[in-house]
Structures are given as structure tokens and as C-alpha cells.
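Please have the sequence and the structure open as I speak.

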Amino acid sequence: FEWARNPYVILCGIYVLGPYVATVVIGDPVRGQQLISGWHKIAGVIVAVSAPFLGAATDRMGRRKPLLAAVLALMAPAIFLQYWAMPGGVGLPLWALGCLVVIAAVTFAWTEVLHNSMLSAVAKPQALPHVSGLGLALGNAASVLLLVFVLWTMALPGEVDWPFLPPAPMFGLDAAAHEPSRIVAPISALWLVLFSLPLFISAPDLRSTGEGFGAALRNGVGNVARTLRKLGQHRNVGLFLLARMLYADGKTAILIFSGIYAAGVMGWRLIE
């Protein structure tokens with residue numbers, strides 16, 4: 001599942017679509033950075049206030065797959081539709097593009113809550129670190145492989161005169177219409193759907209408790225409150241959560257900003 005979902009971050013968030021949106025679609029690199037950072041700030045706030053309750057609700061429900069499928073049904077179209085991010089007022093208006101970016105970012109975080117909580121059903125306790133690490137490794141491997149494929153077949157042809165590259169973007173893509181940059185959105189969405197299937201087909205799920213999502217969400221509020229009250233009794237857990245927040249969320253902010261900063265401030269094109 002990490003193999004399925006991680007390429008969206010690399011292709012759309014960092015290296016290809018994000019810098020294109022900031023510099024070409026929005027047109028002003030400074031305003032582009034401002035808008036994109038604002039979109040991700042909104043997504044971060046939504047995740048911060050929703051993820052604990054989502055986790056508590058799924059713990060009460062037991063099964064994860066139905067809710068994970070529902071989240072993917074929001075996430076995949078939100079990614080796919082970003083293909084219509086076009087300059088000059090054509091295609092998606094900026095407010096709609098911003099909504100899609102926010103939805104994709106929020107649902108991406110929700111999938112992390114849901115599929116990570118399935119680990120205990122698919123591996124013995126002593127194997128959990130290995131399975132989790134393997135998932136992270138495969139997610140990054142898929143991202144690199146897909147990025148290389150996009151660069152070799154679509155982004156670099158016509159831009160550099162290298163003998164082992166096609167003379168023009170493959171698959172009939174129009175460089176003048178920025179299709180080599182925009183196409184990463186549907187590629188990431190289709191990749192997500194295709195490689196999510198093995199998890200739904202073959203991975204074991206936890207047993208259902210029979211509690212519906214609405215009731216689980218209401219009752220989960222109390223669970224979150226009790227956890228927060230007890231956090232003082234588990235100092236090591238509290239320190240870990242604080243450290244992870246500073247490191248992981250800080251790293252995410254740097255990654256999101258690196259591409260649009262390089263494109264807007266340093267004038268780097270896609271090749272750089």
C-alpha cells in the first residue's frame with residue numbers, strides 16, 4: 001500500500017506538479033509559494049483535529065478496509081482532477097485546485113492512520129518493525145522508479161539532446177500545453193488505485209465489532225480525551241509524540257516547500 005500511495009507525494013507534491021502550479025499556473029512564484037503553503041496549512045489543521053478521532057473510531061469498529069476504501073474513493077479523484085491545473089484561467093479555477101490539494105493531503109494522512117493500524121493483523125509483534133520498514137522502503141522505491149519513468153518518457157524529451165532519450169514527449173503529450181507536468185496527477189491516481197488492490201484482496205483485516213462509524217466516532221471522542229488525560233502517566237509516549245511531531249511534520253513542510261522554492265526563488269526548471 002505504501003508502494004501505491006507514496007508516488008503522489010514525490011511526483012505531485014515535490015518535484016513535478018507543485019513547482020509547475022506555483023510558477024506556471026499561478027504565474028507569480030511568490031504568490032505561488034504563499035497559496036500552496038496556505039493549502040497545506042489548512043490540510044494540516046484538518047488532519048490535526050481529525051486524525052485522533054478517526055483512529056479512535058476505527059479502533060472501536062475493528063475492520064479497517066471499508067473505511068479505507070471510502071477514503072481512497074475521495075483521494076484518487078482529488079489527485080486525478082489536478083491534471084486540469086492549467087494557466088491563463090483555463091481548466092480548474094485556483095479555488096477548486098486548492099480544494100483538491102487539501103482533500104488529497106488530508107485523505108493521504110487518513111490512509112496512513114488506517115493502513116498502519118492494520119499492521120497488527122498482518123504480522124507478529126516481533127516482525128512489525130520489519131514490515132513497517134519494508135513498507136516505507138517500497139514506497140520510496142516506487143516513487144523513484146515512477147519519477148525516473150516520467151522524466152525519461154515525458155519530461156526530458158525535447159528539453160535535452162541526449163541520444164538515449166526519445167526526441168519528443170511520448171504518448172502524444174503536448175509540451176506546449178504543459179501536459180508532461182500535468183500528466184503526473186492521473187498517473188499517480190491510477191497507480192494508487194491499481195496497487196491498492198492487493199491490500200483489499202489479500203491482506204487480513206481486523207474483526208468487526210459491529211459498531212457503526214457514527215457511533216464509533218461519538219464514543220471515540222471520550223477515548224481520545226481519556227488518552228490525553230493519561231498522557232502524563234506515560235512520559236516516554238508523550239516525549240515520543242512530541243519529537244515525532246517536530247521531526248516528521250517539519251520534514252514534511254520542508255519537502256513540500258523544497259520544489260516550489262527551488263522553482264520560484266532559484267529559477268530551477270524541472271530538469272534541475
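Predicted model: local features only at pLDDT ≥ 70, side-chain atom pairs only at ≥ 80, totals over all residues.

Let me start at Ser37, which has its place in helix H4, where a helix is a DSSP run of H or I with at least four residues, a strand is a run of E with at least two, and both are numbered from the N terminus. Residues are numbered from 1 along each chain as its sequence is written, and side-chain values use heavy atoms, with hydrogens and water left out.

Ser37 counts as partly exposed, at 28% relative accessibility; here buried means under 20% relative accessible area, exposed means over 50%, and partly exposed lies in between, with a 1.4 Å probe and protein chains only. The C-alpha atom of Ser37 is separated by 8.1 Å from that of Ile256, although the two residues are 219 residues apart along the chain.

Turning to helix H5, residues 65–80, we have 16 residues that reach 22 Å from the first C-alpha to the last, close to the 22 Å expected at 1.5 Å a residue, the expected span being 1.5 Å times one less than the number of residues. The buried residues of H5 are Lys65, Leu67, Leu68, Val71, Leu72, Met75, Ala76, Ala78 and Ile79. Among the elements that cover these buried residues of H5 are H2, H4 (29–61), H6 (94–116), H10 (184–202) and H11 (213–230), where contact means heavy atoms within 4.5 Å.

Now, how many cavities of 30 Å³ or more does the structure hold? The structure holds one, and about 140 Å³ of space lies in this largest cavity. By cavity I mean a set of points, on a 1 Å grid over the protein atoms alone, where a 1.4 Å probe fits but cannot get out, whereas a pocket is an open set with protein on both sides within 12 Å along at least five of seven lines, and lining residues have an atom within 4 Å of a point. Grid points are joined across faces, edges and corners, and a volume is the space filled by probe spheres set on the points.

The largest cavity is lined by 14 residues, of which Cys12, Gly18, His40, Gln82 and Val101 are the closest to its centre. H2, H3, H4, H6 and H12 each give two or more residues to the lining of the largest cavity, which by class has 10 nonpolar, four polar and no charged residues. Ala, Val, Leu, Ile, Met, Phe, Trp, Tyr, Cys and Pro count as nonpolar, Asp, Glu, Lys and Arg as charged, and the others, Gly among them, as polar.

The second largest pocket has a volume of about 690 Å³. Its lining comprises 27 residues, with Tyr15, Ser181, Arg269, Leu270 and Ile271 nearest the centre.

Cys12 counts as buried at 4% relative accessibility, whereas Cys99 counts as partly exposed at 39%.
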